[in-house]
Amino acid sequence: MSDTGFTRRGFLQSSSFLAGAALAGTSATLRKPAVVRAETGTNEMGTVLKLRLQSEDVVESQIREYLMNRVRPLPKPKNASEWTSEEKRLRKHLLDNVIFHGWPEEWVTSQPKFEDLGPIPSGKGYRQRKLRYEIVPGFFTTAILREPESPSSKCPATINVNGHDPNGKATKYEQKRCINNALQGMYALSLEWMNMGEMARPENDHWNGCHLDLVGASATGLFYLAIRRGLDYLCQHPNIDAGKIGITGLSGGAWQTIIMAALDERIAAAIPACGYFSFTSAIERNSDVGDKEYHPHDLFIDGDYSVLTAMMAPRPTLMIYGAVDEYGLRAPLQKPHLYDEIKPFFRLYGKQDNFVWHENLDPGTHNYELDNRQQSYAFFTKHFGMKAVDHEIPVDSELKTYEELSVGLPQDNLTITGVAKKLAAAIQRTPIPTDVSAKTKWLKDSRGRLKDVVRYAPVTMKHAWPLFSDRSQGVETLAYRLQFNNDLNATAVWLKSTNSADNVPLAILLNDKGTQSLGAEAEGPVAAHLNRGEQVLAVNLIFTGDASPDYPTDEPIHVPEVYSKLLTSPAQMPGVISWRKTRPPSALYGLLLSAAGDRPLGMQAAQLIGVANWAREIYGPQAISVESVGIRNQVTALVAAGLEPEHFSELTVSDGMRSLSYLLDIPYQSAPDLFCLDLYKDFDIDSLAALSEPTKVTQKFIE
């Protein structure tokens, strides 16, 4: 980009001064004065529409501030009895209403179904067996059980859960840990994790859990069931002491450890290593936001991960974090919210020594290497009343290859997306009635349900920040940052022919690619409305265009400088870049908002309705229509019109989808706002359009 031209950040800085208030996150010094000139009216309109009205960093700051206001303080129980009662209430609530939301009861309560496929060659002092088991009907995974060679009585056991390692249960550090557990006299069950090892399939990508949410089943429920089946198996094993079962894992395995241990008291001891974080930390640093399964809807209303950690009290819990974790999950950053603030809960029971913090220094990275493994041996053997062990027995020569540990899965095994499509096929919605009386009731009931699904909370305009104006070539223009009463923002550009009356109809234009993609060609939508004498309001709702925290998709993956300068070595950087490709900020904040009780789709619809109310007051149009391009704004506009059908005279959709089932074949990151819990279970495009009456709806669909 030329130094003499207008950059998007340069414009942000300039427009902040023009508005009389500099926006957060920008320099207080102008790079270079710039004046926008145009030779023709359409060219000038195109320039105006392409200007970025706020930067990605500003949007991210706004969302973070909003989320920080959603963080609830930790409970303050007066004594152990009070906290024990609250733990019991929380477990039931979180399991019934969050984790297992929408799952068939018969799937949740069914007995574990394990197949023992026999032993595999093992070293001296232990045995290894291959297992396969069913998570839900049609969806199987695998496991390896390591057991003492000659158990003398009922033995303790550990569940070993994998993180994001493509080798899955064949990962060397996990093999070493499990073999040592068996040599110490414990059973060690190593579970294959979805999309790792034998479960690696594109349709098992963890972000595809959004497909489950869409059809009405909490994605986290599937992951939780996969772990709980392993716990059920161990509890029923004749040679295992069901009162001495521990769980441990690295990274995603740490998340599995805390979610399982906090919500199931059969876990007697837990060691999460380098892999989960408080709600506050996730807001402070989006490196601390996990995959889809970490953030089930509404979890953070009552049970953020600080609370879940507190729910371990008084059971033995060892927290392990690295000093120089390359993904940013560094011990000093996690300790305040996951240890310091939680220790008082253990103190209520006089069991503060059961809660232990270990900062790994060798190697100090995101790891479960020798130091961390030896910490785990000492912890489990101590709390299971066994002979103390604090050194690892070398077993490198006994490790198996990936192929040797492969168990095998059915050829027609379902996947995460496959389970979602299976549930979608069973959806039965009430048909749209044709009888007038019945349809009136259906409209009322369905609008009420839609409000619940998208968590509709109306917003009003707190302040419309005028950033610049123009009057040229017969068109007058005003650009705005629209600040709502929840302090989240949209942006808008208003245009009107100087020859038009003040109260002519107004068209709100929305585009999934942002107003910067609307263009101002003579045959384009902006010019078409202006030539008809109408007003135009080109709007970027939150998470679109310059109201999104995402960097443009045509730029290289944005990696904050702290990674290359501090957190990550050059050798580690390719892995970090690959990791960040799956994590655009809009996707991460979408998860956090849903976990906090909001729904991004409902927030967008509320902004659209709020914009219409503001425009009606400021510009006094005879009527307000909406014209959207793309599937995201299609659904936003339909939801807004369905919630407030009297607000819009007409809704015109281009490049829309015929059915929400289309979303079951695209990734979450391409449209995070649309993967709204229960949306496709209760509605489809046709029913949303019907709810928009009396708004006239015209839709053109992608093929």
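Which way, left-handed or right-handed, does α6 pass α15 in its crossing? Hello everyone, let's find out together. One thing before we start: what you see above is a predicted model.

So, to the answer: the crossing of α6 past α15 is right-handed. Helix α6 covers residues 172-183 and helix α15 covers residues 370-383. Their axes come within 11 Å and cross at roughly 25 degrees. Angles under 35 degrees count as roughly parallel, and α6 and α15 are therefore roughly parallel to each other. Who makes the contact? On the α6 side you can find Tyr173, Lys176, Arg177, Asn180 and Asn181, and on the α15 side Arg373, Ser376 and Tyr377. Sorted by class, this contact of α6 with α15 holds 2 nonpolar, 3 polar and 3 charged residues.

Now please turn to another pair, helix α22 at residues 600-619 and helix α23 at residues 631-643. Here the axes are 8 Å apart, and the packing angle is about 65 degrees. That makes α22 and α23 roughly perpendicular to each other. Their crossing is right-handed. From α22 come Leu601, Gln604, Ala605, Leu608 and Ile609, and they meet Arg632, Val635, Thr636, Ala637, Val639, Ala640 and Leu643 of α23. The contact of α22 with α23 counts 9 nonpolar, 2 polar and 1 charged residues.

Keep Val635 in mind as we move to the cores. In soluble globular proteins, nonpolar side chains tend to be buried together. In this model, the largest nonpolar core has 170 residues. Val635 is among the residues with the most contacts inside that core, along with Trp103, Tyr305, Ile508 and Leu537. And which helix gives this core its largest share? Helix α22, with 11 residues. There is also a second, separate core of 18 residues, including Met45, Val48, Ala479 and Leu530.

Let's zoom in on Trp103. Not counting residues up to four places away in sequence, Trp103 touches Val108, Val136, Leu212, Ala217, Ser218, Gly221, Leu222, Val419 and Leu423.

My last stop is a glycine. Gly303 sits in the loop between α11 (299-302) and α12 (305-310). Is Gly303 buried or exposed? Its relative accessible area is 0%, so Gly303 is buried. Leaving aside neighbours within four places in sequence, Gly303 is in contact with Leu94 and Leu308.

Note on methods
Residues are numbered from 1 along each chain as its sequence is written. This is a predicted model: local features need pLDDT of at least 70, side-chain atom pairs count only at pLDDT 80 or more; totals for chains, interfaces and linings use all residues. Side-chain values use heavy atoms; hydrogens and water are left out. Axes are lines fitted to C-alpha atoms, for helices over the stretch in contact, and angles run from 0 to 180 degrees between N-to-C directions. Helices (H or I, at least four residues) and strands (E, at least two) are DSSP runs, numbered from the N terminus. Angles under 35 degrees count as roughly parallel, over 145 as roughly antiparallel, 65 to 115 as roughly perpendicular and the rest as oblique. A crossing is left-handed if the near helix is turned anticlockwise from the far one by less than a right angle, and right-handed if clockwise. Contact means heavy atoms within 4.5 Å. Ala, Val, Leu, Ile, Met, Phe, Trp, Tyr, Cys and Pro count as nonpolar, Asp, Glu, Lys and Arg as charged, and the others, Gly among them, as polar. A nonpolar core is a set of buried Ala, Val, Leu, Ile, Met, Phe, Trp, Tyr and Cys residues joined through side-chain atoms within 4.5 Å. Buried means under 20% relative accessible area, exposed over 50%, partly exposed in between (1.4 Å probe, protein chains only).
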